[in-house]
Amino acid sequence: MTAPLVAIRHVSKTFSGHRALQDVSLDVLPGKVVCLIGGSGSGKTTLLRCVNQLTRPDTGGIWLDGELLGVRQAGDKLHRLTDREIARQRLKTGMVFQRFNLFPHMTALGNVMEGLVQVQKRGRALAEAEAQALLARVGLAEKAGNYPAQLSGGQQQRVAIARALAMKPKLMLFDEPTSALDPELVGEVLAVMRELARSGMTMIVVTHELAFAREVADHVVFMDRATIVEQGSAEQVLTAPRERRTQDFLSAVLG
Amino acid sequence: MMDARPGLAPGFPDISAIPVARRTYYGRWFAAAVIILVLLALARAFAHGQIAWGVVGTFLTVPVILTGLVNTLVMSVLAMALGTVLGVVAAVMRLSPNPVLSGSSAFYVWLFRGTPVILQLLLWFNLALVFPTIGIPGIWSGRAVDIMTPFLSALLGLGINQGAYTSEIVRAGILSVDAGQHEAAQAIGMGRIATLRRIILPQAMRVVIPPLGNEFISMIKTTSLASVIQYPEILHNAENIYYANSRVIELLIVAGFWYLVVVSILSPLQHLLERRFARGAQVHGR
């Protein structure tokens, strides 16, 4: 059996009295696409953010590429890692946000170059060539000089994907990447994600796009009220759900 | 009776060819007339008042006044620079999770915003009464009277006071940047300092520059308080002249003229700076 790239074990998280995750465990195998679905407040975004350490679990552990995230075990105690070590661990994951979060004061090219120059200390010329190639990969070679405000939502999200890819992550995390987009712009972002999945990238995608999940996901996880209710192949979870709560959710979403 | 034709209802003719008549704004004419009359009366009063305009003209460009002007500008720029550096540091400290850092920053702002600048200037200038000698133990030291010159006292007094105000402006600017920007920077592996320097502060600048420009204009005029500790800025020098020739009003007008000139030049400069930091923000409307 292949070792999972991501292993989530007994993760719980509470936000000021509100339980966001309750003893969640999950494996993500290398090269696979996992889609997290579920209603708002079900905990799927929190789970994704825990993998990128934007949120710290209260209890439980997450291993990425064999390495325990955020803490180190020494004797019978867990010790928090320093900001620098956490920043290093984050480099293995690329994060794409619902609201893009591009740097508005930098051009598309500048956004993609920023991590290469500031974090990986690549020379400007080299970084620029790499960034330009990544923008071409997401179909935005001509928009390199544009500021985010001059781009459509779909183009901004593609720049954000290129920015995340620049750090050569082993895992890509998508937090509802098309939820903030006008309907006619969703397709271009999903197309880039589809291409990425085909290239063998391991991906965890929080999404409401069930058609995309059905087409691209190797594994679909349905969450509700802070726990994983049901998981399995896209076919099984989306077409023949076993759990009552999954059935209710799907019929509510599909109408 | 119903119109049998399909389409729009009758009784609403096309008025697009009829010109719009000019309206007379009696209120506006009246208000304008009143103000012009008042201004004329003021001009007449000043023309007949006891002001020797020739003296104003003579002293406008004498070396002592121009030196004072230069000193005013030098002090404004240096004190503002010191205030900006202190302000950024204090704002970043204030937002730190470390309670000692945020607490000491809050104390700094409280202390220096809570006392008059003129009092602070006098304290710095009279520091020798508290510490006769100052320096770094074992390395270097000197007599406070020699070190606390009017220049250094004014710089410290004005700059440190300005830092307290600037820190609140910078803090507001930092808080105005979307939390998603922090997360996006973290997600590509940037550390706290790099995030602050590359992502947060440049965006905060857009919010910070207009009030900071305001503070700079305020600083130009506040340097006049340094006249009480003998710093030879323009008002101090103007005073020295009228102590000798008793042309009080004329020399105050000379100083006022130069303050106005400097402030008038600064406003367009501020506009340029705002444009520079608005990169990426307003590109849509252009």
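Here are some friendly notes on this two-chain model, which is predicted, taken point by point from the interface to single residues.

1. **The interface as a whole.** Chain A and chain B bury about 2000 Å² between them, and 58% of that area lies on carbon and sulfur atoms. On the chain A side, Phe103(A), His105(A) and Ala149(A) lose the most area to chain B, and together they make up 25% of what that side buries. The contact draws on 25 residues of chain A and 21 residues of chain B.

2. **Polar links across the interface.** Between chain A and chain B there are 7 residue pairs in polar contact, counting pairs with both residues at pLDDT 80 or more. Three elements of chain A, namely α2 (83–90), β8 (93–96) and α3 (108–118), each supply at least two residues of the side that touches chain B. Sorted by class, that side of chain A has 13 nonpolar, 7 polar and 5 charged residues.

3. **Charge pairs between the chains.** The number of salt bridges between chain A and chain B is 2. One to look up in the viewer joins the side chains of Glu114(A) and Arg198(B), with an N to O distance of 2.7 Å.

4. Over all chains, the count comes to 22 salt bridges. In one of them, the side chains of Arg9(A) and Asp27(A) meet at 2.8 Å, N to O. This pair links distant parts of the chain: Arg9(A) belongs to strand β1 (residues 6–15) of chain A and Asp27(A) to strand β2 (residues 18–28), 18 residues apart. Asp27(A) is partly exposed at a relative accessible area of 29%, and Arg9(A) is partly exposed too, at 30%.

5. **A loop-to-loop pair.** Which residue meets the side chain of Asp65(A) in a salt bridge at 2.7 Å? The partner is Lys170(A). Asp65(A) sits in the loop between β4 (59–64) and β5 (67–68) of chain A, and Lys170(A) in the loop between α5 (153–165) and β9 (171–175), so the pair ties together parts that are 105 residues apart in sequence. Asp65(A) has a relative accessible area of 32% and is partly exposed; Lys170(A), at 42%, is partly exposed as well. The two also belong to a network of salt bridges that links Asp65(A), Glu67(A), Arg88(A), Lys92(A) and Lys170(A).

6. **A helix-to-helix pair in chain B.** Arg94(B) and Glu168(B) form a salt bridge, with their closest N and O atoms 3.7 Å apart. Here too the pair links distant parts of the chain: Arg94(B) is in helix α3 (residues 63–94) of chain B and Glu168(B) in helix α7 (residues 150–176), 74 residues apart. Arg94(B) is partly exposed at 29% relative accessibility, and Glu168(B) is partly exposed at 21%.

7. **Cysteines.** A search of the whole structure finds 0 disulfides over all chains. Cys35(A) is in no disulfide, and the nearest cysteine sulfur, that of Cys50(A), is 19 Å away. A disulfide needs sulfur atoms within 2.5 Å, so a separation of 19 Å rules out this pairing in the model. Cys35(A) is buried, with a relative accessible area of 0%, and Cys50(A) counts as buried at 2%.

8. **Helix α1 of chain A.** How many of the 8 residues of helix α1 (residues 44–51) of chain A are buried? The number is 7, so this helix is largely enclosed by the rest of the structure. Just after α1(A), Gln53(A) takes a positive phi of about 60°.

9. **Asn161(B).** Is Asn161(B) buried or exposed? At 6% relative accessibility, Asn161(B) counts as buried. Asn161(B) lies in helix α7 of chain B, and its side chain makes a polar contact with the side chain of Gln120(B) at 3.4 Å. Leaving aside neighbours within four places in sequence, Asn161(B) is in contact with Phe112(B), Thr115(B), Val117(B), Gln120(B) and Leu156(B).

Technical notes. Residues are numbered from 1 along each chain as its sequence is written. Chains are lettered from A and ligands numbered from 1 in the order in which they are written. This is a predicted model: local features need pLDDT of at least 70, side-chain atom pairs count only at pLDDT 80 or more; totals for chains, interfaces and linings use all residues. Side-chain values use heavy atoms; hydrogens and water are left out. Contact means heavy atoms within 4.5 Å. Buried area is the accessible area (1.4 Å probe) that two parts lose on being put together, summed over both. A salt bridge is a side-chain nitrogen of Lys or Arg within 4 Å of a carboxyl oxygen of Asp or Glu. A polar contact is a pair of N or O atoms within 3.5 Å; within protein, one must be able to donate a hydrogen and the other to accept it, and residues adjacent in sequence count only if both atoms are side-chain atoms. Helices (H or I, at least four residues) and strands (E, at least two) are DSSP runs, numbered from the N terminus. Ala, Val, Leu, Ile, Met, Phe, Trp, Tyr, Cys and Pro count as nonpolar, Asp, Glu, Lys and Arg as charged, and the others, Gly among them, as polar. Buried means under 20% relative accessible area, exposed over 50%, partly exposed in between (1.4 Å probe, protein chains only).
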